[in-house]
Amino acid sequence: REALTSWQSMGIVVRNKKAGTRLAAEVSANAIHLPLTLKLEAESLLRTHAVRRPLEIESARLAALNCSEAQGRLITARVAELIATHAAGEDWRQADYRFHSSLHDACGNPLFGQLIRQIQQGFNEVYEAPFGQPHLGQASIPMHFQLAQAVVSGNADEAARIVGEIMDIVEAEILQIMESQNV
């Protein structure tokens with residue numbers, strides 16, 4: 001029972017009183033040698049990313065259309081903070097969070113920010129540093145300045161395109177890590 005409870009908390013099995021216990025992830029004979037938690041982590045991250053993508057894209061599009069002058073100044077300040085923190089070699093994750101929060105606030109619909117934060121928080125409760133990589137998505141940081149410019153200038157299509165590229169970069173990093181670890 002203790003093993004099943006532990007596996008359930010790791011997401012390896014799903015337990016229902018009436019339906020019994022079943023595996024939460026596919027386990028194949030050629031994948032047994034891999035740590036199952038790493039496979040689950042990769043699958044969870046990709047699923048989370050797939051849900052977050054359209055929300056982030058539409059949030060940026062709406063922010064470009066609805067951004068007030070004051071929100072534009074905040075977005076500009078937040079992206080400057082993010083770029084400076086990253087350039088200094090410091091942990092930039094909180095600055096990135098503040099930047100994206102300023103975009104979500106500018107979009108005019110608080111549900112976007114709430115949903116994205118809940119998705120991110122749910123994943124971070126399980127994995128603070130996916131694959132041991134606390135800076136997943138680091139290659140996308142320089143594009144955030146272009147994103148801020150597109151939003152502040154009111155270019156909704158460009159903002160959406162840039163967010164799509166940022167999301168592509170993060171997904172490519174996830175897939176590259178999975179491939180390098182044979183997940």
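Which residue forms a salt bridge with Arg 53, and how far apart are the closest N and O atoms? The partner is Asp 168, at 2.9 Å. A salt bridge here is a side-chain nitrogen of Lys or Arg within 4 Å of a carboxyl oxygen of Asp or Glu. The model is predicted: local features need pLDDT of at least 70, side-chain atom pairs count only at pLDDT 80 or more, and totals for chains, interfaces and linings use all residues. Residues are numbered from 1 along each chain as its sequence is written, and side-chain values use heavy atoms, without hydrogens or water.

A search of the whole structure finds 11 salt bridges. Arg 53 lies in helix H2 (residues 36-66) and Asp 168 in helix H7 (residues 156-180), 115 residues apart. Helices (H or I, at least four residues) and strands (E, at least two) are DSSP runs, numbered from the N terminus. Arg 53 also meets Glu 171 in a salt bridge, 3.1 Å from N to O. Glu 171 is in H7, so this pair ties together parts 118 residues apart in sequence. Asp 168 is partly exposed, at 42% relative accessible area; Glu 171 is partly exposed at 29%. Partly exposed lies between buried (under 20%) and exposed (over 50%), using a 1.4 Å probe and protein chains only.

Within H2, Arg 61 and Glu 58 are 3 residues apart, about one helical turn. Their salt bridge has its closest N and O atoms 3.3 Å apart. Arg 61 has a relative accessible area of 26%, and Glu 58 has 30%. Shared partners join Arg 53, Asp 168 and Glu 171 into one salt-bridge network.
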